[in-house]
Structure formats: C-alpha cells, structure tokens
Amino acid sequence: MSTAQLDTPRLDFAGSPINRDLTPDQKIDLFRQMVRIRRFEQTALKYYNAGKMGGFLHLYIGQEAVAVGTISLKLENDHFITAYRDHGHALSVGMGMNECMAEMYGKQTGCSKGKGGSMHFFAPDKGYWGGHGIVGGQTPLGLGLAYGLKYLEKEGCCLCYLGDGAVNQGAFHESLNIAALFNLPVIYVIENNGYSMGTSQKRSSSYRGCLAQRAEGYDMEWDVIDGSDIYEVRAKTHIAMERARKEQKPAILEISTYRYYGHSVADANAKKYRTPEEIENYKQNHDPITLFRRRLVAEGIFTEEQADQISKEAADEAAASAKFAEESPAPTVADIMTDVYWESDNNTEASKTGWHFFND
Amino acid sequence: MSRTLTYREALREGLDEELARDPNVVLMGEEVAQYNGAYKVTEGLWKKWGDKRIVDTPISEAGFIGMGIGASMLGVRPVMELMFWSFHSVAFDQLVNNAACVRYMSGGLINCPIVMRGPANGGTNVGATHSHIPEGLFAAFPGLKVCAPATPADAKGLIKAAIRDNDPVYVMENTLLYGTTGEVPDPAEGDHVVPLGKADVKREGTDISLIAHGRSVIHALAAAETLQAEHGISAEVLDLRSIRPLDVDAILATVRKTNRVVLVDESKPFGGVSAMVATLIQEHAFDYLDAPVKRVCTIDAPAIYSPHIENQQLPNPGRIVEKVLSMR
Ligand SMILES: Cc1ncc(C[n+]2csc(CCOP(=O)(O)OP(=O)(O)O)c2C)c(N)n1
C-alpha cells in the first residue's frame with residue numbers, strides 16, 4: 001500500500017466487536033506492550049553499538065502495532081511464527097526482557113542459551129515457534145503448525161508472519177496452495193514495511209493492487225490493514241482468526257507498516273533507498289504508538305503524565321535486562337555440543353559412547 | 001608491479017574486467033545493483049554497467065538461480081551472487097539437479113557456464129542457518145567446480161577463471177576476508193587468471209604440512225609462524241584454492257616432503273573437504289606418513305551464535321598449534 005493510500009481518511013475500528021468491550025486497563029496494556037517493544041529495542045541498539053552483541057540486529061521499531069495487535073487476540077490454542085525480525089512478537093507473547101536481552105548478549109541465560117541470537121527467539125510454551133533466518137522458510141512451518149492443530153483436533157489457528165520481500169519465495173506459494181487445498185487454519189500476515197533490505201516492494205514484487213490479493217489465485221480470503229492503527233489490526237485480524245478457528249479457512253492479511261531503522265544495523269544508513277521525507281512522514285503521521293497514545297489521552301483513559309510514566313517504566317525494565325545480560329555467564333566450549341541430539345542431553349547408552357559427534 | 005587491494009576490491013576488479021571482456025557476462029542477485037551489494041563487492045558496477053548487465057533480483061533463490069542456469073544454456077554467462085551461501089538450501093534443486101547434471105544428461109549437448117559466488121563462512125555470530133560452509137557438499141556433485149580463494153590475488157584470479165569456464169563454478173568467498181589486503185598483479189602487466197585445480201604453497205616448510213583452503217589458510221599461516229618462533233617447527237602451508245578439481249599432485253608432494261599432515265578445514269568433520277583429502281592421502285601416500293593424518297575442523301555441531309564462543313568452534317591458530325604439538 002502506498003503512502004498516498006495511507007494518507008486518505010480511514011474507518012474508525014474502535015467500535016468493532018473485538019475493540020468496543022476493551023476495558024481501560026486492557027487499552028493501557030496494549031499501549032504498554034507497544035512501548036515495551038520500542039524501549040527494549042532502543043536499549044538493544046545502544047548496547048549493540050557498544051559492541052555487546054554480535055551478528056545482526058533487525059529492529060522492529062515502527063511495526064509494533066502488528067505484533068501487539070494480532071497477538072493480543074491469542075486464545076489458548078493459537079500459535080505464532082515469524083522470521084528474523086522477531087523481538088516484537090517475542091515480547092508480545094509474553095517472553096521476558098531478560099531472557100531476550102541475554103540471548104542477544106550470547107549468554108547462557110538467554111532464551112536459546114546463547115545459541116540462537118537475535119534472530120532466533122523461541123517460546124513454544126507460549127505458542128511462539130520463533131524467529132527463523134531463511135526468508136520465507138518459516139511459511140511452510142506455519143502451515144505445519146496449522147496442520148498439527150487440525151490433526152490433533154484442537155480449535156485454534158496459526159499466525160505466520162512474513163515480510164513483503166518473502167512473498168516472492170517459492171516456499172510461500174507452495175504453502176498457500178496446500179493451506180487452501182487442505183483447509184488449514186493458517187493466516188499469513190504480510191508485514192509490508194515497503195522494503196526488503198534496500199529493494200522497495202515495487203522493485204521486488206509483480207503485483208496488481210496489493211500483495212495479499214495473490215490469495216485469490218488460491219481461492220483464499222484476504223484483507224488489507226493499516227498497521228498504524230492497532231484497533232484496525234485487531235478488528236480485521238480477529239475476523240480472520242475466528243474464521244480459521246471455526247471453519248479452518250486460511251487467509252492472507254497484508255498489514256501496511258514501516259520500519260524506521262535500516263534493514264539491520266549493518267544498513268543503518270537506511271536513507272540510501274528512502275527519502276528522509278518518507279521516513280519523517282511515517283514518524284509524524286503514522287506512528288502506531290503516538291497515534292494510540294493520542295487517542296487514549298483524548299478518551300481520558302490516561303493522562304500525558306501517566307503515558308510518560310509507562311514509557312519510563314519500560315525503559316527501566318529494558319535497562320535492567322541489559323544489566324542482567326551483562327552479568328550473566330557466557331557459554332563454554334562444552335556447551336557447543338549440547339542440544340544437537342536428544343540423546344546427548346539425556347543420559348542414554350548412545351550419549352555415553354558419543355557416536356554422534358566426529359570431533360578428533 | 002603489483003598493488004595492494006582488499007579481497008573485496010580484487011573480486012570487484014576481476015568482475016569488472018570480465019564484464020568488459022565479454023558482453024555476455026551478467027551479474028545478478030539480491031541487492032547487487034542499486035544497493036551496491038550486501039557486502040559491497042559489486043559496489044559501483046551498476047553505475048558503470050547499467051541495468052542490463054547488473055541486475056537486482058527478488059528474494060527468490062530457486063527462481064533467479066534457475067533462471068541463470070537456463071540463460072547460461074543459451075550462452076549468457078551469468079555470475080550469480082548468493083547473499084550467503086547458506087541460502088543455497090532454497091535453490092538446492094537448481095544447484096545440484098540442473099546445473100550439475102544437464103551437461104551429462106544431454107550427452108554433452110548443453111553447457112552451463114554459470115558462476116555462483118558469495119560468502120560461505122562462520123565466525124560472524126549470525127547463528128546456525130547463516131553459517132553453513134558448504135564447499136565439501138557441492139564438491140560431492142560431479143559436474144560442479146568449487147573453489148575457495150584465501151587471498152585477494154587468488155580471489156581475482158579465480159573469479160576470472162570461473163567466469164571463463166564452461167562449467168558451473170561455485171566460488172566460496174568469506175565475509176571475514178573481504179576487508180583483508182594483499183598484493184594483486186597490475187592489470188597493465190597482463191591478465192591475472194588463477195587456473196582452477198591448482199593448489200599453491202603459501203609457505204615452504206619441512207617438518208609438517210598444514211593443508212587448508214579459504215580463511216583456514218590465514219589461520220594456518222599464523223600457526224606456522226608460532227610453530228617456527230616458539231617451537232622450532234617448520235610448517236609448510238598448502239592452500240588448496242580449488243576444492244574440485246582438487247590438486248592431488250600438490251597434496252601428495254607436500255606429504256612426501258614433510259611426512260606429517262594437519263588438515264585445517266572450516267567445514268564440518270563429517271564428509272567435509274578434509275575428510276576427502278585425508279582419504280586421498282592414505283590411499284596414495286600412506287607409506288610416507290610418520291604419523292596419522294590429523295584434522296582441525298569446525299566443532300561438530302550447528303554454528304553457535306554466542307560471540308563469546310563462536311571462534312572456538314571454528315579452526316583458529318591456537319587450535320592448529322595445539323594439534324601439531326600433540327603429534328610430537
Ligand atoms: C533465503 C534468503 N535469502 C536472502 C536472505 C537475506 N535477507 C535477510 S532479510 C532480507 C530481506 C527480507 O525482506 P522482507 O521479507 O520484506 O522482510 P523485512 O526485513 O522487511 O521484515 C534478505 C534479503 C535470507 N535471510 N534468506
């Protein structure tokens with residue numbers, strides 16, 4: 001969706017069934033969750049730049065309403081899976097800042113014991129099947145989670161997130177066909193932030209109108225959502241989730257959003273392929289946190305001071321998580337060889353003979 | 001006369017010269033054009049050569065690599081950048097079933113003069129899916145040629161040889177080498193092409209052979225210095241450069257000279273390049289060995305992310321020295 005489309009007046013989704021009964025506390029909680037993601041990542045960026053972490057850092061800043069809005073609709077049997085830009089989803093499902101920050105620091109206390117890093121946060125106990133590194137590679141996995149739900153006769157759905165660049169992977173198209181063919185409760189959420197690294201959506205995707213429309217080729221439902229409005233995200237995603245849970249119908253939702261930073265910190269100079277005006281326009285006019293905050297203040301849900309206080313608490317929590325990560329122990333050479341095979345971590349005959357490994 | 005270039009610049013110069021030499025050479029891949037390359041290897045080439053010769057592709061490895069293979073069958077000479085060789089998995093079918101087999105299956109009617117290039121390495125803390133080192137894997141498919149330059153001069157010479165070759169050649173570069181510098185012959189003095197299949201003695205020695213390729217060569221050279229300075233051990237360093245074709249003669253020659261071997265290999269011990277080289281040595285030079293062939297490989301687990309530990313999973317000079325000393 002182009003900026004021009006975003007700038008046209010849009011419907012108000014505050015009154016939609018899933019939003020109208022939100023209590024003030026629930027509204028504040030939605031706000032708090034978005035702010036926590038932003039403060040967490042700002043803190044991570046600071047320490048990444050200070051050399052505390054390795055590898056990539058793909059920031060989600062600007063896209064918070066997508067993860068928070070969709071995941072706030074979670075029921076017991078719902079599942080979530082995403083790509084490497086995974087911090088926002090991780091915090092939204094309820095992972096702690098400590099375990100996430102420690103993972104980026106590569107420490108034993110990290111959610112993947114320092115083995116995965118920023119791109120690989122997981123919390124299967126919370127229905128979160130993680131962060132995956134191969135563009136589009138998570139899309140068949142999301143299909144599989146949906147298949148599992150259906151096979152195990154559980155009423156639930158799987159939200160599988162992908163970028164606008166990932167829609168061009170074969171694995172995604174194969175997944176769409178199977179999803180529709182087998183009637184699986186999977187919802188593909190295209191987080192369309194306009195760019196895959198330095199390539200704009202227009203230069204990477206052949207499309208008519210929008211990316212989600214490709215669903216039609218697979219006889220699948222689709223919708224387009226303004227990702228700067230958390231109410232719209234919730235209202236439209238809820239419809240798709242209910243349909244998936246009840247009728248096992250897959251769908252594609254394309255949520256227009258924007259990332260303020262580069263693709264990763266390596267490409268901090270994101271202005272090479274975007275104009276400063278474009279970035280400023282999103283920050284000024286489409287920031288999901290600012291818009292929601294303004295709305296809650298206008299509704300009298302909280303005051304500016306209370307909103308500031310929530311922001312400060314989130315920043316403090318993030319700072320504390322960095323301290324926790326800093327003070328945690330690093331893995332050892334012996335840790336390299338754990339978690340490879342089930343036997344090696346469980347006291348079995350095979351683990352004793354060590355035949356799994358081929359080190360000298 | 002030669003100049004000092006980075007590995008990245010040397011590759012770029014090689015690409016640029018081949019673009020100039022042959023109008024059928026085309027560079028393709030994710031972010032190679034307008035973004036100047038994810039690792040800046042192709043920086044400036046789009047500006048110079050334009051949209052027809054330098055092509056940005058969507059993130060569709062199976063699609064664009066298959067497209068390159070198809071175009072190469074018609075006489076185009078595509079040089080495809082894989083942003084990471086780890087992403088070969090998405091295009092594996094195209095890489096091993098089409099590129100490797102079509103010449104054979106067609107009884108020699110069809111050639112595939114395509115180059116696949118990009119970084120294949122660990123050591124950058126990017127975790128398991130981004131740290132595969134698959135040269136041994138691809139060398140296992142007859143029909144494919146595989147090389148792994150360690151120095152700027154070899155990077156330039158091998159990329160040029162790869163582009164001129166009439167078979168598919170997979171060039172395994174290394175992100176951690178892109179910034180390293182070295183002497184590269186001046187273009188004014190003639191075409192610098194390093195033939196595929198020729199290993200290179202990077203350091204002469206008499207007591208032990210360190211056989212390596214890619215970044216492991218750098219570690220082997222550092223280890224050789226330490227061995228000489230601190231232990232009086234004279235190590236020869238043989239840089240394989242090409243994995244397939246493999247310079248078996250050079251391997252056997254160094255073994256016959258020093259009678260002891262440590263293979264240094266960033267790929268995994270099981271089925272990696274060193275597994276193959278060790279087998280060849282025992283088949284053809286067993287009588288020359290004074291000790292069993294030893295290896296320093298990446299520790300046999302998927303790549304760990306943690307910056308505190310990843311370098312210890314990989315071969316490094318310390319591990320090589322230790323291994324050599326253990327053979328005394
Ligand atoms: C198969 C594969 N090819 C290339 C990459 C390198 N890469 C990582 S992210 C990315 C851009 C993806 O963009 P998009 O899908 O739009 O998601 P976004 O980063 O905008 O969230 C690329 C090219 C990869 N990880 N996997």
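Residues are numbered from 1 along each chain as its sequence is written, and chains are lettered from A in the order in which they are written. Because the model is predicted, local features need pLDDT of at least 70 and side-chain atom pairs count only at pLDDT 80 or more, while totals for chains, interfaces and linings use all residues, and side-chain values use heavy atoms, with hydrogens and water left out.

**Exercise 1.** Describe the contact between chain A and chain B by its residues and its buried area.

*Solution.* Begin with the residues in contact (heavy atoms within 4.5 Å): chain A gives 41 and chain B gives 40. Next take the buried area, which is the accessible area (1.4 Å probe) that two parts lose on being put together, summed over both; here it comes to about 3,100 Å², with 62% from carbon and sulfur atoms. On the side of chain A, the residues that lose the most area to chain B are Ile134(A), Ile336(A) and Phe358(A), together 19% of what that side buries.

**Exercise 2.** Find how many salt bridges cross the interface of chain A and chain B.

*Solution.* Apply the rule, a side-chain nitrogen of Lys or Arg within 4 Å of a carboxyl oxygen of Asp or Glu, and one salt bridge is found across the interface. The side chains of Arg203(A) and Asp56(B) meet in a salt bridge, with N to O at 3.0 Å.

**Exercise 3.** Work out whether Tyr305(B) is buried or exposed, and which backbone atoms of chain A lie by its side chain.

*Solution.* First compare its accessibility with the cut-offs (buried under 20% relative accessible area, exposed over 50%, partly exposed in between, with a 1.4 Å probe and protein chains only): Tyr305(B) has 2% and therefore counts as buried. Then look at the polar atoms of the side chain of Tyr305(B), where one lies 3.1 Å from the backbone nitrogen of Gly54(A), and where the backbone oxygen of Met104(A) lies 2.4 Å from a polar atom.

Terms used: A polar contact is a pair of N or O atoms within 3.5 Å; within protein, one must be able to donate a hydrogen and the other to accept it, and residues adjacent in sequence count only if both atoms are side-chain atoms.
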